[in-house]
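Hi everyone, thanks for making time for this. I'd like to walk you through a structure, so please have the viewer open and follow along as I go.

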Amino acid sequence: MDRREARRSARVDGVPADLAASPFRADRDRIASSPFFARLGGVTQVVSASGSGLLHNRLTHSLKVAHVARAIAERLTANAEVVPMLDKLGGCDPDVVEAASLAHDLGHPPFGHLGEQVLDRLARNRFQLPDGFEGNAQSFRIVTTTDTRGPSGVGLDLTAAVRAALLKYPWTRLSYPSPHPSTLPVPPRGASAPPAEPHTGSSKFSAYVTELDDLTRCREPFAARIADWQQTVEASVMDTADDITYAIHDLEDFHRIGVLQHAPVAAELGQWLAGAIDLAGLDDAALAAQSRRPGRSLEQLRRRLHRRDSWIVDDEAFIAAVSRVRAELVDDLLATPFDGSVEAEQSIGRFSARWTARLVAGIGVDLDPPTRSGHVVLAPAQWHEVQVLKFVHRRFVLRRPDLALHQRGQARLLTSLVEALDQWLGDRHEADRLPRRLHDLAALAESEYTTLSATAPLALKGPAGEIPQGIDALRSLAQGRAVIDFVASLTDTQAATLLDALSGRTSQPWSDAFVL
């Protein structure tokens with residue numbers, strides 16, 4: 001059996017490959033038909049659209065990632081010089097890439113990355129779940145476990161290739177693989193712990209311990225081709241497409257609604273270009289003291305890139321990237337406020353098409369990349385441009401005080417909702433009136449943790465080395481995981497509506513028919 005046949009036949013529970021002419025397309029269709037995919041239309045990308053229709057949500061973002069990823073895969077597989085490299089690494093099928101791209105954000109909870117941070121904190125601190133919560137791991141849990149619409153009734157029954165392509169960070173938070181990638185001299189992106197919480201395991205990971213068997217099985221066809229901490233080529237394509245889409249389309253959103261303003265972005269980029277030599281001469285303390293002055297934040301970015309990505313960072317390429325972004329974003333797109341006119345829409349369309357084409361054209365393949373890169377890489381010029389575009393988004397959108405005010409309210413909402421559901425799930429007098437979905441998730445999680453306790457107890461070990469003992473401890477873990485799974489499956493509006501109902505702030509009965 002050759003590589004392609006092996007990858008097509010490696011399916012959960014041995015479902016035969018001849019059930020569909022292209023099992024990868026069947027995977028794509030199954031993902032697109034899942035209610036977990038449909039709910040992404042009600043999940044925030046960065047901030048809630050509040051019905052305006054102007055902002056991307058997780059659904060439109062996923063569709064655009066799939067579009068860009070397929071374009072990259074088709075470009076690579078059409079290059080006769082690149083194809084032997086792809087085959088050596090395990091292959092690159094455009095259908096696999098597209099399916100994984102559609103599924104990559106299935107696990108994102110209400111309110112985007114803010115929701116992810118809140119649920120992770122609650123999972124670890126309130127429920128003592130060693131894995132906490134992570135959107136990528138939740139996506140993998142959905143397609144392998146909690147979505148019941150595949151032929152086997154457990155997960156979506158996707159091919160090994162598509163499941164492996166979902167693994168941006170192919171490790172668990174604390175224990176797998178061994179040695180853990182966080183211990184490498186230069187860890188892969190996401191493998192290190194957050195600086196503020198150095199003993200909590202990797203900040204990014206793609207599987208909980210409950211799905212560890214699925215992770216190892218879908219990676220088996222690639223075992224002799226890539227290191228156990230490396231992405232497959234198809235995962236690397238999806239990851240790169242996600243980066244490209246994020247860098248371009250979030251800027252479009254905030255230009256549309258007037259948040260991304262010409263003057264501050266022009267000042268930041270222009271002042272840095274004019275004073276780069278002088279700024280480079282400041283020590284870190286002096287630079288930090290001046291951080292609110294134009295140009296200083298961009299200089300801090302340049303220094304972070306040198307510390308973190310010395311394998312590719314180059315000052316001349318950085319200068320060129322800043323100059324290009326200033327010319328095409330600041331002096332072109334942002335120079336005229338968006339007013340909804342045909343001309344304004346065309347301007348955004350040109351910006352998006354031009355940048356997408358440029359970044360996709362810069363894609364290449366590296367058989368032996370550094371640990372902080374996948375096998376699919378952007379050329380140095382485009383890599384630096386993506387860093388600058390993402391900087392503009394972080395500096396002039398994500399760090400705005402008015403956004404922080406909005407997000408603090410959302411964090412309080414999610415915290416209150418988790419606490420209310422936990423109390424309900426723990427009330428033995430109300431056990432027969434639980435939402436059926438929450439009841440089923442609790443039963444599933446208890447079965448998972450009971451099995452792990454018997455077969456792989458070390459997988460349940462927390463950061464301090466503690467292992468839960470006894471049925472009560474395992475049931476407590478299961479209850480926590482069920483609440484987190486349940487809340488993560490809501491849309492923004494469902495989360496707010498459910499909390500209103502649980503708090504007695506609405507006269508309308510709330511139905512769990514709206515929950516997946």
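**Cores, bridges and backbone**

Let's begin inside. The largest nonpolar core has 87 residues, and the ones with the most contacts inside it are Ile72, Leu76, Val237, Leu260 and Val392. Before I go further, please keep in mind that this is a predicted model.

If you click on isoleucine 72, which residues does it touch? Leaving out residues up to four places away in sequence, its partners are Val237, Ala241, Ile244, Val360 and Ile363. Apart from that core lies another one, with 46 residues, including Ala123, Ala445, Val487 and Ala488.

Next, a helix pair. Two packed helices are described by the angle between their axes and the distance between the axes. Here I've picked helix α8, residues 135-146, and helix α19, residues 436-455: they pack at an angle of about 90 degrees, and their axes are 13 Å apart. An angle from 65 to 115 degrees counts as roughly perpendicular, so α8 is roughly perpendicular to α19. Who makes the contact? From α8 we have Arg141, Thr145 and Thr146, and from α19 we have Arg437, Leu441, Leu444 and Glu448. By type, the residues of this contact between α8 and α19 split into three charged, two polar and two nonpolar.

Now for the charged pairs, which I know some of you have been waiting for. How many salt bridges does a search of the whole structure find? The search comes back with 38.

The side chains of arginine 58 and aspartate 105 meet in a salt bridge, at 2.7 Å from N to O. This pair links distant parts of the chain, 47 residues apart: arginine 58 is in helix α4 (residues 58-77), while aspartate 105 is in the loop between α6 (94-103) and α7 (112-125). Are these two residues buried or exposed? Both arginine 58 and aspartate 105 are buried.

On to the second pair. Arginine 256 and glutamate 345 also meet through their side chains in a salt bridge, with 2.9 Å from N to O. Arginine 256 sits in helix α11 (residues 233-256) and glutamate 345 in helix α16 (residues 342-361), so this pair ties together parts that are 89 residues apart in sequence. The relative accessible area of arginine 256 is 19%, so it counts as buried, with the cut-off for buried being under 20%. Glutamate 345, at 34% relative accessibility, counts as partly exposed.

And the third pair. Arginine 475 forms a salt bridge with glutamate 446, and their closest N and O atoms are 3.1 Å apart. Again distant parts of the chain are linked, with arginine 475 in helix α20 (residues 470-488) and glutamate 446 in helix α19, 29 residues apart. Arginine 475 counts as partly exposed because its relative accessibility is 41%, and glutamate 446 is partly exposed too, with a relative accessible area of 22%.

Then there's the network: salt bridges that share partners join Arg25, Arg28, Asp29, Arg70, Glu74, Asp95 and Glu98.

Last topic, the backbone. Most residues other than glycine have a negative phi, and most peptide bonds are trans.

Start with the loop between α9 (160-165) and α10 (212-219), where proline 177 lies. The peptide bond from tyrosine 176 to proline 177 is cis, and its omega is near -10 degrees.

Phenylalanine 111 counts as buried, because its relative accessibility is 6%. Glutamine 128, in the loop between α7 and α8, has a positive phi of about 60 degrees, although it is not a glycine. With 51% relative accessibility, glutamine 128 counts as exposed.

Notes:
Residues numbered from 1 in each chain as written. Predicted model: local features only at pLDDT ≥ 70, side-chain atom pairs only at ≥ 80, totals over all residues. Heavy atoms only, no water. Axes fitted to C-alpha atoms, helices over the stretch in contact; angles between N-to-C directions. Helix = DSSP H or I, 4+ residues; strand = E, 2+ residues; numbered from the N terminus. Parallel < 35°, antiparallel > 145°, perpendicular 65-115°, else oblique. Contact = heavy atoms within 4.5 Å. Nonpolar A, V, L, I, M, F, W, Y, C, P; charged D, E, K, R; others polar. Core = buried A, V, L, I, M, F, W, Y, C linked by side-chain atoms within 4.5 Å. Buried < 20%, exposed > 50% of the residue type's maximum accessible area, 1.4 Å probe, protein only. Salt bridge = Lys/Arg side-chain N within 4 Å of Asp/Glu carboxyl O.
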